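User: I'm new to this one. Can you walk me through it?
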Amino acid sequence: MFEEQFVDLVGTNPVVQALVGGVVIAGLNMVGALAVLVYRDPSERVLDTALGFAAGVMLAASFTSLIVPGIELTEVVVPGVPATGLLSPVPVLAGILLGAAFLDQADHWVPHVHVLITGRARTDQTVTDAKVASVILFIVAITIHNMPEGLAVGVGFGSGNVANGIALMLAIGIQNIPEGLAVSIAAINAGFERTSYAVLTGIRSGLVEIPLTVFGALAVVVVEPLLPYAMGFAAGAMLFVISDEILPETHSRGHEREATLGTMVGVVVMLYLDVALAA
């Protein structure tokens with residue numbers, strides 16, 4: 001029923017649906033960023049639990065709304081043989097590897113991206129110059145961090161499967177709330193003023209997702225045969241962010257159990273949403 005209401009409201013054009021999805025996830029990111037004005041000093045325990053929940057939601061969504069549907073779009077074609085019904089995971093797996101490789105390279109392209117996002121140094125990076133925490137570099141780092149999320153929503157709607165698009169929109173929108181709060185807090189911890197820069201940074205990190213949702217939908221609509229690769233790419237990029245950024249941070253401050261429970265709850269919530277939307 002929710003799917004029908006969504007179509008009635010925004011129409012059947014997948015690009016327009018993706019645009020609406022981008023606005024929704026950016027809006028929920030803004031809610032999280034603005035929460036720093038009310039919830040002024042959340043504990044590390046609460047933040048790690050919330051980010052663990054976000055990771056769980058994204059993890060489940062990667063499989064239920066991108067990887068599995070992407071594989072279902074493929075079929076092994078044997079010349080001279082009627083449709084076999086056999087599916088090939090190769091395009092999606094190739095996309096996953098490409099998505100992970102892209103995010104891995106992006107981490108190298110933007111120096112100290114982890115420091116700028118979290119406010120803490122990584123063991124494989126050395127902060128040699130305090131000036132690297134410039135506004136421009138910070139924005140670039142956040143943009144790269146949010147790329148797979150917007151792309152995933154765009155690809156979801158661009159695939160023509162509205163239920164999957166909505167599931168991704170809700171999943172990423174939900175996880176954007178604690179993520180928006182975390183970005184604002186990281187900016188404050190880095191010395192930026194709470195209302196003028198920290199909040200704007202959190203909001204800005206979500207706004208970059210809107211054009212990426214449109215791009216993702218346009219790409220798969222125009223080049224339909226590449227859809228399984230695109231869905232794999234979005235999933236691989238999301239999985240890389242979860243594994244390389246979110247989960248290590250939630251387990252770095254002594255709140256591993258709370259973060260793990262948050263992740264489990266996030267997986268359960270997303271799986272429930274996926275089944276409910278498919279009903």
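Here is a short chat on a surface patch, a helix and a record.

Analyst: This is a predicted model, where local features need pLDDT of at least 70, side-chain atom pairs count only at pLDDT 80 or more, and totals for chains, interfaces and linings use all residues. Residues are numbered from 1 along each chain as its sequence is written, and side-chain values use heavy atoms, with hydrogens and water left out.

User: Which residues form the nonpolar patch on the surface?
Analyst: Met30, Leu34, Leu37, Val38, Tyr39 and Val46. Together they have about 510 Å² of accessible area. Patch residues have over 30% relative accessible area and no salt bridge, and nonpolar side chains (Val, Leu, Ile, Met, Phe, Trp, Tyr) are joined within 5 Å.

User: Which helix gives the largest share?
Analyst: Helix H2, residues 14-38, with 4 residues. Helices are DSSP runs (H or I, at least four residues), numbered from the N terminus. Leu34 sits in H2.

User: Switching to H3. What span should it have?
Analyst: Helix H3 has 29 residues, 44-72, so at 1.5 Å a residue it should span 42 Å. Its end C-alpha atoms are 41 Å apart, which agrees. The expected span is 1.5 Å times one less than the number of residues.

User: Where is its kink centred?
Analyst: On Ala61, with a kink of about 30°. The bend is the angle between axes fitted to the seven residues ending there and the seven starting there.

User: What does UniProt annotate at residues 51-71?
Analyst: The unreviewed entry lists a "transmembrane region" there. Such annotations may be inferred rather than shown by experiment. In the model, residues 51-71 are 100% helix and 0% strand.

Definitions and conventions: Patches are made of residues with over 30% relative accessible area and no salt bridge: like charges are joined within 9 Å, nonpolar side chains (Val, Leu, Ile, Met, Phe, Trp, Tyr) within 5 Å. Accessible areas come from the Shrake-Rupley method with a 1.4 Å probe; for residues, only the protein chains shown count as cover. A salt bridge is a side-chain nitrogen of Lys or Arg within 4 Å of a carboxyl oxygen of Asp or Glu. Helices (H or I, at least four residues) and strands (E, at least two) are DSSP runs, numbered from the N terminus.
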